[in-house]
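Trainee: Can you walk me through this one? I have the sequence and the model open and would like the plain version.
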Amino acid sequence: MELYELGIKQAQEGLAKGEFTCEDITKSVIARYHERNAEIGAYLTFDEEQALALARANPKAVPIAVKDLINVAGQPCTCASKILKGYVSPYDATVIRNMKAAGFIPAGRVNMDEFAMGSSTENSGLGVTRNPYDLSRVPGGSSGGSAAAVGGNMCIAALGTDTGGSIRQPASFCNCVGVKPSYGRVSRYGVTAFASSLDQVGPMAKSVEDAAILLKALAGHDEMDGTTPKDPVPDYAASLAGASMKGVRIGIAKEYFDVKGMDPEVKRITDEAVRKCEAAGAELVEVSLPHTEYAMAVYYIIAPAEASANLARFDGVRYGHRSDAAKDVFSLYTKSRAEGFGPEVKRRIIMGTYVLSSGYYDAYYGRAQKVRTLIKRDFDAAFEKCDALLTPCAPTPAFRIGELQDPLTMYLNDLFTIPSSLAGVCASSVPAGFTNDTKLPVGVQFICGGFEEEKLLRISRAFEEIG
Amino acid sequence: MKIDVAYVAELARLELTDEEKSVFQPQLENIVKYVEKISEVDVEGVEPMMHGRPLVNAFREDVVRPSLDREAALSNAPARVGDEFLLPKIVEGAES
């Protein structure tokens, strides 16, 4: 077995026993990067010297691939956008500081949809990433580089971010475990903002246990992010001991099963997952989340609105691309942004600006926030009857590169992950099987209430054993 | 719903080519038509949800402490002069 094939738990055990060092693992990951990256394109850049220097300074640490919108001092942070080409972070994000303190080092920058806007990584302004299970297909997105690196055994584990499904959908496409923490569980300081009321950093890993170990390292209060409460962070990995489906109330919501356009193989695999849970002792509970059908519409108002405000910082003044054609302050803004942003980012900025503009605010943004409350209440009511919801993660397995051309069709891929993002609760994607014909991985999603990561991970772990 | 894409792009400080305008126009109208679905929902008396989690003010002690070093803050500047960011002339009629 090569060291790059290890998960976090196995790596930590080997490091503790002195079987190998962090430098050995990092060298193995770098060799694998050279072997596979030309084909898969999971990484945008890999500063080998810096990774090896960090590995030598931290011989018992585990290297982790980092999505290219999380700041690591001295490394590029492009958000896969031409507007940030050449940018070098002057500081570490809180998640990076936390991770280093817990025995991890950052190693390599992985690809994504530009500014995390997309579901296939095809919106990257800097490179193509392919699904390691079928190179003609997308890895999902926006954390597609993270998922391809984990699924293709090009890293031990990776950091992703999730705004409307960007950890869970690519995890499903690339056969990894992904966890979107509850809003506020993990600090966003130093993570380039897309939609501030939704963004969360989370682990993408080879097992639920690995995801639990990494989440513990990331999570916690940060005085640099006022949305992180002081709730203690449980030892998620330790609480996996004895995880079982016995007596777990699994909620099945018809809104997630009777859906037009759902791939029959995804339907089959999800139905089988439900049966396996029941056979393992779970109690199935029918629940209803009646506002689910409005979640996509709410999200595509709120997320672009917040993005249009967040991305106003790219003005060609202090960092990022500045147009050579800028003659005055207006053209400095308009031309620098026109040259730097890709088409999907432009579309969302325009959409967001439109829904926030004078005369439209109440009808769109204001109303969407109220419907968001109703979506949140649906989850609150469901969790009175069940411990977790089990749903499909995405309506299809990985699609072909170039297959989805229309933006709205692409958006619909996040149908099952968006409602829980809006509600601010936690959710995971866990591998559930492969399609019969195309042999593509398919994950299922578990959703638990806010700050119930311990329960979510125990249920995910129990499913991993029977799935 | 007809969107004045050129006007909204100007509000967003984004220069669009004619081709971009003609591609975005139907796409954006399609998206807006889709999101208008929320007008069906009865939201009478419903409080807006502003954030992923109910928020209270998060205060910290007001103490002076080191912030980002000046050189580090300027390290990604597209253009600089001394300790400042260099910009094109922004005041009409002033000497540059």
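Trainee: How many helices and strands does chain B have?

Mentor: Chain B has three helices and two strands. In sequence order they run α-α-α-β-β. Helices here are DSSP runs of H or I with at least four residues, strands are runs of E with at least two, and both are numbered from the N terminus. Keep in mind that this is a predicted model, where local features need pLDDT of at least 70, side-chain atom pairs count only at pLDDT 80 or more, and totals for chains, interfaces and linings use all residues. Residues are numbered from 1 along each chain as its sequence is written, while chains are lettered from A and ligands numbered from 1 in the order in which they are written.

Trainee: What radius of gyration does chain B have?

Mentor: Chain B has 23 Å, whereas a compact globule of 96 residues would have a value near 12 Å. The radius is taken over C-alpha atoms, and the globule rule is 2.2 Å times the number of residues to the power 0.38. The C-alpha trace of chain B spans about 55 × 45 × 25 Å along its principal axes.

Trainee: And how much of chain B is buried?

Mentor: Buried residues are 16% of its 96 residues. Buried means 20 or more other C-beta atoms within 10 Å of the residue's own, exposed means 12 or fewer, and partly exposed is in between, with C-beta atoms placed from the backbone.

Trainee: OK, chain A. What is its secondary structure?

Mentor: Chain A comes to 15 helices and eleven strands. Its radius of gyration is 21 Å, close to the 23 Å from the globule rule for 467 residues, so chain A is as compact as a globular protein of that length. Of those 467 residues, 63% are buried.

Trainee: Which residues is Ile64(A) in contact with?

Mentor: Setting aside neighbours within four places in sequence, the partners of Ile64(A) include Met99(A), Phe104(A), Pro106(A) and Ile156(A). Contact means that the two C-beta atoms, placed from the backbone, lie within 7 Å.

Trainee: Is helix 7 of chain A mostly covered or mostly exposed?

Mentor: Mostly covered: eleven of its eleven residues, 208-218, are buried. Among them are Glu209(A), Asp210(A) and Lys216(A). Just after helix 7, Gly220(A) has a positive phi of about 130°.

Trainee: Changing topic, which residue other than glycine has a positive phi near 55°?

Mentor: Cys79(A) does. Ala80(A) also has a positive phi, about 55°, and is not a glycine. Most residues other than glycine have a negative phi, and most peptide bonds are trans.

Trainee: Where is Cys79(A) found?

Mentor: Cys79(A) is in the loop between strand 2 (62-67) and helix 4 (94-101) of chain A, and Ala80(A) has its place in the loop between strand 2 and helix 4 too. Cys79(A) counts as buried because it has 28 C-beta neighbours inside 10 Å. Ala80(A) is buried with 32 other C-beta atoms within 10 Å.

Trainee: Which peptide bond is cis, with omega near 10°?

Mentor: The one from Gly141(A) to Ser142(A). Ser142(A) lies in the loop between strand 3 (104-110) and helix 5 (144-151) of chain A.
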